[in-house]
Amino acid sequence: MAALDTATWISLLALVVSGLSFLAAMWAAWVSHRTLVHAKETHEEEQVLAFERERSELLSVISQSRTLLEQTRIRIGTLKARFDAAPQPAQTILQNYTNLFTEYLPRVEAGVRQCNASWSEVASWGETTGVQALLRHQARMRAAVHDDQIAHDQGVFLVDTFEEKFNEVLRYIAGATRSGG
């Protein structure tokens, strides 16, 4: 019976070791599962942060473009107010330059509206649909921003030219009224 007791004892010990091995395997599987879940969550958070960073950068670029166009619009609007308040002879002499107000200013205002619409569109993008939209539209929007920079530069040139001619005409009219009066 002593041999049977030893065999039983060894069997019980083997059963305990097997049970502990099973528990260790279960614990290792649970730890692996938690590690996988954590890695997925971390990856998703990194993707969200990267998307938000790209979206914020694009919003900043659009905002800068809108600011440039707004500055151009304000300069043209200020010049138009000065022109409208100028004496009739000055307005008549500069009539060929008024397309700055009738054609160019509306295009600048349309550019400002487009920037506002683009900003609203980009700001509304969520993480699920926004990534695809960001990838599709980012190059197009950056090209539009480049076009806005060109429009601003043209506007500055046109305003400077108009102001120069306008000031020349005002000096001429002021000189003509002094010598004629």
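Visitor: Which residues does Ser65 touch, leaving out those up to four places away in sequence?
Guide: Ser65 touches Cys115, Val145 and Asp148, where contact means heavy atoms within 4.5 Å. This is a predicted model, in which local features need pLDDT of at least 70, side-chain atom pairs count only at pLDDT 80 or more, and totals for chains, interfaces and linings use all residues. Residues are numbered from 1 along each chain as its sequence is written, and side-chain values use heavy atoms, with hydrogens and water left out.

Visitor: Is Ser65 buried or exposed?
Guide: Ser65 counts as buried because its relative accessibility is 2%. Buried means under 20% relative accessible area, exposed over 50%, and partly exposed in between (1.4 Å probe, protein chains only).

Visitor: Where is Ser65 placed?
Guide: Ser65 is in helix 1. Helices (H or I, at least four residues) and strands (E, at least two) are DSSP runs, numbered from the N terminus.

Visitor: New topic, the core. Which residues touch the most other members of the largest nonpolar core?
Guide: Leu100, Trp125 and Phe162 do, in a core of 29 residues. A nonpolar core here is a set of buried Ala, Val, Leu, Ile, Met, Phe, Trp, Tyr and Cys residues joined through side-chain atoms within 4.5 Å.

Visitor: Which elements give two or more residues to this core?
Guide: Those are helix 1 (2-85), helix 3 (99-124) and helix 4 (127-180). Helix 4 gives the most, with nine residues.

Visitor: And what does Phe162 touch, not counting residues up to four places away in sequence?
Guide: Phe162 touches Leu79, Phe83, Leu94, Tyr97, Thr98, Leu100 and Phe101.

Visitor: Which residues do ring pairs link into a cluster?
Guide: Phe83, Tyr97, Phe101, Phe162 and Phe166 are linked that way. Rings of Phe, Tyr and Trp (its six-membered ring) pair if their centres lie within 6.5 Å; planes under 30 degrees apart count as stacked, over 60 as edge-to-face and the rest as tilted.

Visitor: How many aromatic pairs does that rule give?
Guide: The count comes to six. Among them, Phe83 and Phe101 form a tilted pair, 5.6 Å centre to centre with 40 degrees between the planes. The pair links distant parts of the chain, with Phe83 in helix 1 and Phe101 in helix 3, 18 residues apart. Both Phe83 and Phe101 are buried.

Visitor: Charges next. How many salt bridges does the structure hold?
Guide: The structure holds five, a salt bridge being a side-chain nitrogen of Lys or Arg within 4 Å of a carboxyl oxygen of Asp or Glu. One of them joins Asp160 and Arg75 at 2.8 Å, N to O. That pair links distant parts of the chain: Asp160 in helix 4 and Arg75 in helix 1, 85 residues apart.

Visitor: What about Arg55?
Guide: Arg55 forms a salt bridge with Glu52, the closest N and O atoms being 2.7 Å apart. Both lie in helix 1, three residues apart, about one turn of the helix.

Visitor: Buried or exposed, that Arg55?
Guide: Arg55 is buried, because its relative accessible area is 14%. Glu52 counts as partly exposed, at 24% relative accessibility.

Visitor: Last one. Which residues form a nonpolar patch on the surface?
Guide: Val16, Leu20, Phe22, Leu23 and Met26 do, with about 530 Å² of accessible area together. Leu23 is in helix 1 and counts as exposed, at 53% relative accessibility. Patches are made of residues with over 30% relative accessible area and no salt bridge: like charges are joined within 9 Å, nonpolar side chains (Val, Leu, Ile, Met, Phe, Trp, Tyr) within 5 Å. Accessible areas come from the Shrake-Rupley method with a 1.4 Å probe; for residues, only the protein chains shown count as cover.
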